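Here is a briefing on the structure shown below.

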Amino acid sequence: MVFQDLRLFPHLSARENIFLIPTQNGAVPPMEEMADRLGMNAFLDQKVFTLSHGQRQRIAIIRALSKPFQLLLLDEPFSHLDEVNQAEASILIQEITERNDASLILSSLGAVPPLNFDHQYSL
Amino acid sequence: MVVSPKKRLQRCLQVAGPRKEITIASLGCLIGTTLLLLAVQLYQDANHYLEQNEGPKNYFTMNKKVEGGALVNLGKKDESFSPEELQAIQALEGVKRIGGFTRNQFPVTVYIWPTGKVGLGSAAKADLFFESIPDDFLDFIPGEWHWEENATLVPIMVPKFYLDLWNFGLAPSRVEYPSLSTEAATGMPIEIFIGRERTTTLDGRFVAFSKRINSVLVPESFLAWANKKFAEPAKEDFFFLWKDSVIDSPPRSRNQLLEMVDEPAFSSWKISPLGDPAKKVPASSLVGPGKKKPQPSRIILEIVDTPSTALLQFIEENHYELNREFPEQDFIKKALLGLFFGLGLVGVLLSLLSIATFSTSFRLMITRSADHSRNLLLLGFSCEIVSQIFFGLFLRLFFSIVTISFLVSQCAKYFLVKKAESINIYLPSGFSSESLLLLGFYAVLFALLKQRVIKKSVHDLLL
């Protein structure tokens with residue numbers, strides 16, 4: 001799950017936040033690889049409160065993907081990401097969701113993220 | 001640096017309680033635990049000491065009340081118990097067994113030589129008495145507690161407090177008398193002079209100090225022999241002997257008359273008291289039951305527990321007196337029990353207050369980190385794991401408090417033991433297994449209570 005308010009621990013580093021989860025998902029690439037794909041490798045050892053909101057969102061996405069899941073809930077996960085980062089994050093999410101044979105529910109304001117949805121609802 | 005998952009969880013909760021309240025609670029808990037531990041241990045020590053130094057609870061001596069002044073009592077009113085009276089006492093509720101004191105029937109003077117050698121230094125001289133009781137009633141039978149005719153030494157047993165009287169009363173007031181340890185006191189030679197003219201001298205020695213019997217005791221066999229050999233019959237034990245209505249002078253003692261029982265004409269003879277020659281009774285009346293043997297004027301009773309109401313009423317009705325050795329120890333025991341109970345109560349109250357303050361402080365701590373705790377719960381951590389982080393913090397603090405409390409109590413106990421030693425009271429050092437068990441039980445109970453409070457507070461975050 002990626003919360004709208006992210007629910008990260010600001011006084012811990014990005015890496016510590018990711019490793020904090022009780023059980024790790026075995027069907028995901030290594031954490032550093034995911035961070036690299038989202039352009040976050042250089043920031044892994046920085047305290048979360050020093051990161052921008054967009055960077056925090058990417059850390060929250062990596063943390064959500066690192067947990068074992070069957071249904072991934074994402075509440076406005078890309079609200080502070082540019083298009084390039086949105087695309088990278090979408091590819092990663094798509095790939096890991098498929099690898100985990102899981103479902104995904106995403107809510108977003110504005111443009112639809114580049115993911116393959118079975119259903120889309122506009123409210 | 002690798003950080004353990006537990007440490008990471010602690011770090012992410014950023015737990016910090018209200019310092020002032022936690023300090024006050026810790027201090028209260030420290031003082032409460034220390035007082036409680038000391039109260040329990042010191043009560044055990046005091047109890048142990050008193051038990052070691054007191055006469056047993058269930059042994060009493062009984063005698064008839066002595067009334068009137070010296071002039072009245074010079075008439076030697078008979079204060080002994082008759083066989084019927086003894087039987088009635090034995091039959092009372094709660095009386096396990098009774099035994100009679102046999103007393104000496106001859107004058108005794110003793111010279112005690114505290115220097116350990118007869119003739120060296122000054123002797124403590126005293127007109128004394130001897131008593132004996134059946135060996136079963138002694139609190140212990142010393143190895144030398146045997147006497148046979150022609151034995152060189154008469155073993156003597158006196159109450160332990162006689163030695164205390166000597167050491168703390170007589171010896172400090174007289175330069176020629178040294179203080180004596182139990183061992184030194186048992187080595188003192190004692191000269192025993194028998195008779196008004198001190199015609200016979202025997203050697204004696206203290207062989208033991210009794211905590212049960214409040215008398216100067218010698219073996220039964222010795223007193224039986226000495227009474228037979230040296231007894232001076234009392235006036236009332238002399239009679240005129242009437243043979244064929246004529247007084248056969250001189251007056252005869254009871255023992256002399258009893259020796260004549262086998263003479264063929266004995267049954268026809270009569271006797272009368274010296275003071276009242278006209279009051280003639282058959283000489284055979286001397287041989288009746290209970291007449292042969294002098295009856296005890298003091299008896300020792302073993303009773304089941306404390307004296308029963310029936311026994312106390314019987315004593316009151318018959319004008320008897322019941323004595324018990326060292327009764328003031330009851331008061332001391334009660335006072336100590338009250339003191340340590342009070343100390344323990346203050347300890348318990350402080351501990352309860354500290355539990356309450358700790359509970360409030362930890363609730364506040366949990367509320368302060370509520371957001372982080374909720375995040376952990378949403379990340380998939382169970383309530384148990386989140387509670388354990390707070391409980392772990394409490395346990396670390398509590399363990400330190402209990403350890404410090406134990407060390408403080410050890411120091412306090414050490415100084416108390418040293419202080420007690422300076423006044424000749426020897427207490428065991430360290431803590432008994434009972435006290436340590438109680439400390440363990442207290443710590444576990446305290447910790448379980450805290451665990452419950454913490455769990456509940458964390459559960460409340462989910463609501």
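Helices (H or I, at least four residues) and strands (E, at least two) are DSSP runs, numbered from the N terminus. By that rule, B:Leu397 sits in helix α12 (residues 383–422) of chain B. This is a predicted model: local features need pLDDT of at least 70, side-chain atom pairs count only at pLDDT 80 or more, and totals for chains, interfaces and linings use all residues. Residues are numbered from 1 along each chain as its sequence is written, while chains are lettered from A and ligands numbered from 1 in the order in which they are written.

**Chain B overall**

- Chain B has 13 helices and 16 strands.
- Of its 463 residues, 25% count as buried. Buried means 20 or more other C-beta atoms within 10 Å of a residue's own; exposed means 12 or fewer; partly exposed lies in between, with C-beta atoms placed from the backbone.
- Contacts are pairs whose C-beta atoms, placed from the backbone, lie within 7 Å. Among contacts in chain B between residues at least 6 apart in sequence, 78% join residues at least 24 apart.

**B:Leu397**

- Is B:Leu397 partly exposed or buried? B:Leu397 is partly exposed, because it has 18 other C-beta atoms within 10 Å.
- B:Leu397 and B:Ile22 are 375 residues apart along the chain, yet their C-alpha atoms are separated by 9.6 Å.

- Strands pair if DSSP finds at least two bridges between them. Five strands of chain B form an open, mixed sheet in the order β5-β4-β8-β9-β7.
- The edge strands are β5 (124–128) and β7 (153–159) of chain B, each pairing on one side only.
- Neighbouring strands of this sheet are turned by 35 degrees against each other on average, direction ignored.
- Five bridges link β8 (residues 190–194) and β9 (residues 200–210) of chain B in the antiparallel sense. B:Glu191 has B:Asp203 in β9(B) as its bridge partner.
- Helix α5 (residues 160–173) of chain B lies across β7 and β9 of chain B, at about 80 degrees to β7(B). Axes are lines fitted to C-alpha atoms, for helices over the stretch in contact, and angles run from 0 to 180 degrees between N-to-C directions.

**Four-stranded sheet**

- Four strands of chain B make an open antiparallel sheet, ordered β2-β15-β1-β16.
- β2 (95–100) and β16 (320–323) of chain B each have a single partner strand, so one side of each is left without a neighbour in the sheet.
- The twist averages 25 degrees from one strand to the next.
- β1 (residues 59–64) of chain B runs antiparallel to β16(B), joined by four bridges. B:Thr61 stands opposite B:Asn323 in β16(B).
- Helix α4 (residues 83–90) of chain B packs on the sheet and touches β2 and β15 (298–303) of chain B. Its direction makes about 150 degrees with that of β2(B).

**Nonpolar cores**

- A nonpolar core is a set of buried Ala, Val, Leu, Ile, Met, Phe, Trp, Tyr and Cys residues joined through C-beta atoms within 7 Å.
- The largest core has 52 residues; A:Ile59, A:Ile61, A:Ile62, B:Phe362 and B:Phe390 touch the most other members.
- The largest share of this core, eight residues, comes from α12(B).
- A second, separate core of 34 residues includes B:Ile192, B:Val207, B:Val216 and B:Leu217.

**Contact between chains**

- In chain B, 10 residues are in contact with nine residues of chain A.
- α1 (5–13) and α11 (370–379) of chain B each give two or more residues to this side of chain B.
- α11(B) supplies the largest share, four residues.

Technical notes: Two residues are in contact if their C-beta atoms, placed from the backbone, lie within 7 Å.
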